[in-house]
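Visitor: I'm new to this one. Can you walk me through it?
Guide: Gladly. Here it is.

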Amino acid sequence: DDSLQLQWSSQSECEGEKGERRGEERRGGERGRKRRRRGRKEERMAAEAEEEVKYDSFQFRLDEEEAIAFEKNKPDLVKLLAEQEERWKVTQWDLTDAVPHRHNKLKKLIRGGVPGPLRAKVWMNVSGANAIRASSKLSYIDYCHSDSNKDGTILKQIDLDVPRTFTDRDDFCEKDGAMQKSLRRVLVAYANRNTGLGYCQGLNFLAGGFLIAALSEEEAFWLLCATIENLLPQNYFENKLQGLRTDALVLFDMLRRKVPVVFKVVEEGQISPEVLFSQWLLCMFSTVFPCQTFMRIWDSFFYEGVKVLFRACIAYLQRIQKIADVTSVEGVLRYVYQCKAVTFDTEVFVDEMFNRVGSFPWAHIEKLREKNGAKVTRQELTFSLMRAKLGKSSPSTPREKMAAGNMSFHRR
């Protein structure tokens, strides 16, 4: 009996040891599999990190869809740039003298695109920025060092917005880098010049775009002056943004006639015209279009004025009416904020702007502005009375909402 018990005990110990070994092997196998999975994941992440980042011709980073669209249209862009340079070589215009207003030959030349190396001279001339600089008693440096604007909240907002500007360009992402410092100086200088306005979100993208176009700091400053003080309606950026809201309603009226399918969806979905057009107009498409496209819009804007922005709005909405599902509010809003991939065909889009959307006579625009400006004034009066009765406890104007972080602009 003792020998039998000993035999059973030995067998049990052997089986126990075998079980322990099998358990260790299983655990070891699981650890090995985890290590192998972790290794494969790390290899995949490393490969993704090493994957080449795609850039457009203005050094903006592109996502996969945008990169495909850019490469598809790149040959046409290269050909177009060569044609632009050839046309401007034989031009008779002196880029340092005052240019004639609304001259058809010059308008056609500019609509065909201004070569990059000439943009600073052309924009400064045709926009009136050179004239503003010549007539100013103070220089850009004077405005930089002025302390005429003592509103600390303005400087704080500028400091918040500078790092948010063109975050898809490496030089704008470099904290306290040269581009961020230049942009901040331009915005602070303008806040010192225009103490009534100070600063409004959207100006950072305009000034940043001017710097991208190879304008100097000083040129970017004076061009910002011309844009706000001469080319856009006087109250586009002021506290209640009444000029912007008026033009948004003007565009809404144009939409009814020129893009009826989109108009019907927007009206039935009760989308506010401000929601539809504010970012496009305040940032002049720099937050939603590829740089090569919004630069072409700006070429003509500086000579022809704000109706070029109207043309771009209508042309884009006509385009998405043809190529996309815009039978729902979601479909429309998707393309309102995600425009880049469908606007890399710059030359085709510019042709649609000027040759496919019909006429935009100034007399008609002014008539619509008069009607809708009165509507905005009545709305603001109503809001003021309501705020007086209820007490002002929350942001109420568009600019106040932006300052509170409810309506900030970012390039998408």
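Visitor: What sits over the ring of Phe60?
Guide: The charged end of Arg169, 5.8 Å from the ring's centre. "Over" means NZ of Lys or CZ of Arg within 6 Å of the ring centre and within 35 degrees of the ring normal.

Visitor: And which charged end sits over the ring of Phe360?
Guide: That of Lys258, 4.7 Å from the centre.

Visitor: What should I know about the model itself?
Guide: It is a predicted model: local features need pLDDT of at least 70, side-chain atom pairs count only at pLDDT 80 or more, and totals for chains, interfaces and linings use all residues. Residues are numbered from 1 along each chain as its sequence is written, and side-chain values use heavy atoms, leaving out hydrogens and water.

Visitor: Back to rings. How many aromatic pairs does the structure hold?
Guide: It holds 24. Rings of Phe, Tyr and Trp (its six-membered ring) pair if their centres lie within 6.5 Å; planes under 30 degrees apart are stacked, over 60 edge-to-face, and the rest tilted.

Visitor: Why is the pair of Phe221 and Trp222 edge-to-face?
Guide: Because their planes are at 70 degrees. The ring centres are 4.8 Å apart.

Visitor: Is Phe221 buried or exposed?
Guide: Buried, at 0% relative accessible area. Trp222 is buried too, at 1%. Buried means under 20% relative accessible area, exposed over 50%, and partly exposed in between (1.4 Å probe, protein chains only).

Visitor: What about Phe252 and Phe263?
Guide: Their planes are at 45 degrees, so that pair is tilted. The centres are 5.0 Å apart. Phe252 lies in helix α12 (residues 242–258) and Phe263 in helix α13 (residues 260–268). So the pair ties together parts eleven residues apart in sequence. Helices are DSSP runs of H or I, at least four residues, numbered from the N terminus.

Visitor: Which rings form a cluster?
Guide: Ring pairs link Trp123, Phe210, Phe294, Trp298, Phe301 and Phe302.

Visitor: New topic. Where is Val376 found?
Guide: In helix α19, residues 362–390. Val376 is buried, at 0% relative accessibility.

Visitor: Which residues is Val376 in contact with?
Guide: Leaving aside neighbours within four places in sequence, Gln242, Arg245, Thr246 and Leu249. Contact means heavy atoms within 4.5 Å.

Visitor: Last one: how many residues of α14 are buried?
Guide: Eight of its ten, so to speak mostly covered. Among them are Phe277 and Trp280. After α14 comes Met284, with a positive phi near 50 degrees.

Methods
Helix = DSSP H or I, 4+ residues; strand = E, 2+ residues; numbered from the N terminus.
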